[in-house]
Amino acid sequence: MDKINQAKRVPMPSVLQALGIPCPDKKAVIRSPFRADEQSSFSVFKKDERWFFTDHGTGDFGSNIDLVMQLKSLSFSEAVDYLLSDFSFPCDSMPSMPKKKESKKEQVAFLDDNSMSKIYLKNRGISSEVIAACDFKTIEITKGKYKNLYAAFPTHGGGYTCRATDGNPVKCRFIGEADLWTFGNPKSKDVFVFESAIDALSLLTMYGLPKIRLILYVSLNSINNVNLLDVDTFEGKNLFLFLDNDKAGNTATKKIVEAHGKNAKDYREDLQGQKDVSDFLTKVFLPAERR
């Protein structure tokens, strides 16, 4: 069976749950993860041993691959690799193939040596002074014969938002509950909002470390966490929105602006067409600095 069909057979409820979106472990109708959905209008279902979704509010239809491409802003091939590397493949529906042995549980270890995470952040263009000021850990995750290192940033819920130190975008993940990551001055009235901690550190690299005392930097870590930017908690705050330049980022930005009104403003035009702040740093800002 080819990789694409294998990816489509991965249970969609498991994919949604891994991305921080509540979904029963079976056919279900939930709120759309792509847009503000007051009523459950997003169907998750299995057909011919493959999983699909239908967003009845927009008419969008797709497979696991389409779902991951939109929610994680990945290319088609990256979405396929993500599904095959991070999820178990349901063998019981493949009589022509032997069943896989039960997958081994992940072993998570916090390392004392942060050097690989520092190298990863430096390769992403983050300045040495920002790296030194940032709170992060290096985590080694072992599953069977595979080991991966992650730069892990602590979230409010006690978990971690993790980036693979080899730079592979399909290995981004959470440990524990998906929640917000913050950095800077919690009393600041100015709140800069991003989709990832890397984007926040990228902007801080361009602004300079003294800005840490003036601004609160917030990473959603998942566009489905926009509801955590609730009006009560951020009342009176000015929200500067630097979400990704893609469909998911558009939806999340619109939802935040609708909730916070004139206190929230979209600043993605400043990225000059780049996908996110990290890309702007490495493709526009740093090359200009070197000239």
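These questions and answers cover a helix, a sheet and some single residues of a predicted model.

Residues are numbered from 1 along each chain as its sequence is written, and side-chain values use heavy atoms, with hydrogens and water left out. In this predicted model, local features need pLDDT of at least 70 and side-chain atom pairs count only at pLDDT 80 or more, while totals for chains, interfaces and linings use all residues.

Q: What pLDDT does the protein chain average?
A: The average is 85, and 92% of the residues score at least 70. pLDDT is the predictor's confidence in each residue, from 0 to 100.

Q: Where does pLDDT stay under 50?
A: Over residues 90–102. For this stretch the model has 12 contacts beyond four places in sequence. Contact means heavy atoms within 4.5 Å.

Q: Why does Lys-187 count as exposed?
A: Its relative accessibility is 74%. Exposed means over 50% relative accessible area, buried under 20%, partly exposed in between (1.4 Å probe, protein chains only). Lys-187 therefore counts as exposed. Lys-187 is found in the loop between β10 and β11. Its C-alpha atom is separated by 9.6 Å from that of Lys-237, 50 residues apart along the chain.

Q: Why does Thr-142 count as buried?
A: Thr-142 has 17% relative accessibility, so it counts as buried. Its place is in strand β6. Strands (E, at least two residues) and helices (H or I, at least four) are DSSP runs, numbered from the N terminus. Not counting residues up to four places away in sequence, Thr-142 touches Lys-105, Glu-106, Gln-107 and Lys-147.

Q: Which residues of helix α5 are buried, and what makes them line one face?
A: In α5 (residues 115–123), Ser-117, Tyr-120 and Leu-121 are buried. Seen down the helix axis, they fall within an arc of 95°, so they line one face. The arc is that of the directions from the helix axis to the C-beta atoms. The face turned away from the buried side carries the exposed Lys-122 and Asn-123. Cover for the buried residues of α5 includes α6 (128–133), β6 (137–143) and α7 (197–207).

Q: What makes β10 and β14 edge strands?
A: The open sheet has five strands in the order β10-β12-β11-β13-β14, with mixed pairing. β10 (181–184) and β14 (264–266) each pair on one side only. Two strands pair if DSSP finds at least two bridges between them.

Q: In what sense do β11 and β12 pair, and over how many bridges?
A: β11 (residues 190–194) and β12 (residues 216–219) pair in the parallel sense over four bridges. Val-218 in β12 is the bridge partner of Val-193.
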